[in-house]
Amino acid sequence: MLNFLSRLDAGFARLSRLLLIFLCLFLTGLMATAVFLRYVLDQAFPAIEEISILTGLWLYFISMVLVTRERGHLTGGIIELLNLSPKQRTFIKVFNDFIGLAVICFFGFYAAKYLLFVMKINRASTNLSWPTSLWVSAAVAGFALMTAYKMRDLFSHSNTYSQYDNKSLHSQDAVLKESR
């Protein structure tokens with residue numbers, strides 16, 4: 001079962017990275033088209049604004065999920081500067097993950113609550129008349145997946161870096177076993 005979940009996770013990561021590349025290129029194309037229409041042809045196409053915001057939101061939340069998966073958040077590295085025991089380092093990492101999980105759940109709860117509200121009133125976008133739930137669902141999906149990865153982090157602490165720690169471009173180099 002764990003092997004299946006690992007393969008599923010790796011496949012999800014590959015799909016997410018490909019989706020990020022596509023969304024970046026698509027957003028770039030949208031912006032280039034908007035600039036060309038506005039400044040060369042002196043025409044405005046307001047729907048591009050809505051599509052670019054929708055693309056940007058999905059791009060943002062998929063990126064957040066990948067950063068959470070790979071533990072690639074910006075950190076100061078203060079723990080490495082202190083002479084702490086392995087037990088103290090693990091405690092600090094668990095505490096940080098618990099706080100992160102609480103924050104993610106807090107914002108995820110209100111994103112889900114807002115999604116239900118938007119779906120209830122059947123709100124639509126101004127220019128395209130698309131359901132606003134497409135925009136809000138990016139946040140709900142992002143927070144839900146981030147919660148899953150933070151839960152994984154809470155139970156996977158050891159005194160070594162894992163393949164998820166984004167310490168190296170090569171996962172075999174990412175494993176750092178501290179001296180005991």
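Q: Which hand does the crossing of H4 and H5 have?
A: Left-handed: that is how H4 passes H5 in this predicted model.

Q: At what angle do the axes of H4 and H5 cross?
A: Roughly 155°. H4 covers residues 86–121 and H5 covers residues 133–154. Their axes come within 8 Å.

Q: So are H4 and H5 roughly parallel or roughly antiparallel?
A: Roughly antiparallel, because the angle is over the 145 degrees that sets the cut-off.

Q: How do the residues of the H4 contact with H5 divide?
A: Into 19 nonpolar, four polar and three charged.

Q: Switching to H1 and H2. How do their axes cross?
A: At roughly 150°, and the axes come within 9 Å. That makes H1 roughly antiparallel to H2. The crossing is left-handed.

Q: What classes of residue are in the contact of H1 with H2?
A: It has 20 nonpolar, six polar and five charged residues.

Q: Which residues of H1 are buried?
A: Asp9, Ala13, Ser16, Leu20, Leu23, Leu27, Leu30, Ala34 and Leu37.

Q: And what do the buried residues of H1 pack against?
A: Two helices, H2 (47–69) and H5.

Q: What span should H1 have, and what does the model give?
A: H1 runs over residues 2–40, which is 39 residues. At 1.5 Å a residue, H1 should span 57 Å. The end C-alpha atoms of H1 are 55 Å apart, so the two values agree.

Q: What follows H1?
A: Asp42, with a positive phi near 55°.

Q: Next, Arg71. Where does it lie?
A: In the loop between H2 and H3, where H3 is residues 78–81.

Q: How far is the C-alpha atom of Arg71 from that of Lys150?
A: The separation is 9.2 Å. Along the chain, Arg71 and Lys150 are 79 residues apart.

Q: Zooming out, how many helices and strands does the protein have?
A: Five helices and zero strands. Read along the sequence, the pattern is α-α-α-α-α.

Q: What share of the protein's residues is buried?
A: Of the 180 residues, 31% are buried.

Q: And what share of the contacts comes from residues 24 or more positions apart?
A: They account for 71% of the contacts with a separation of 6 or more.

Definitions and conventions. Residues are numbered from 1 along each chain as its sequence is written. This is a predicted model: local features need pLDDT of at least 70, side-chain atom pairs count only at pLDDT 80 or more; totals for chains, interfaces and linings use all residues. Side-chain values use heavy atoms; hydrogens and water are left out. Axes are lines fitted to C-alpha atoms, for helices over the stretch in contact, and angles run from 0 to 180 degrees between N-to-C directions. Helices (H or I, at least four residues) and strands (E, at least two) are DSSP runs, numbered from the N terminus. Angles under 35 degrees count as roughly parallel, over 145 as roughly antiparallel, 65 to 115 as roughly perpendicular and the rest as oblique. A crossing is left-handed if the near helix is turned anticlockwise from the far one by less than a right angle, and right-handed if clockwise. Ala, Val, Leu, Ile, Met, Phe, Trp, Tyr, Cys and Pro count as nonpolar, Asp, Glu, Lys and Arg as charged, and the others, Gly among them, as polar. The expected span of a helix is 1.5 Å times one less than its number of residues. Buried means under 20% relative accessible area, exposed over 50%, partly exposed in between (1.4 Å probe, protein chains only). Contact means heavy atoms within 4.5 Å.
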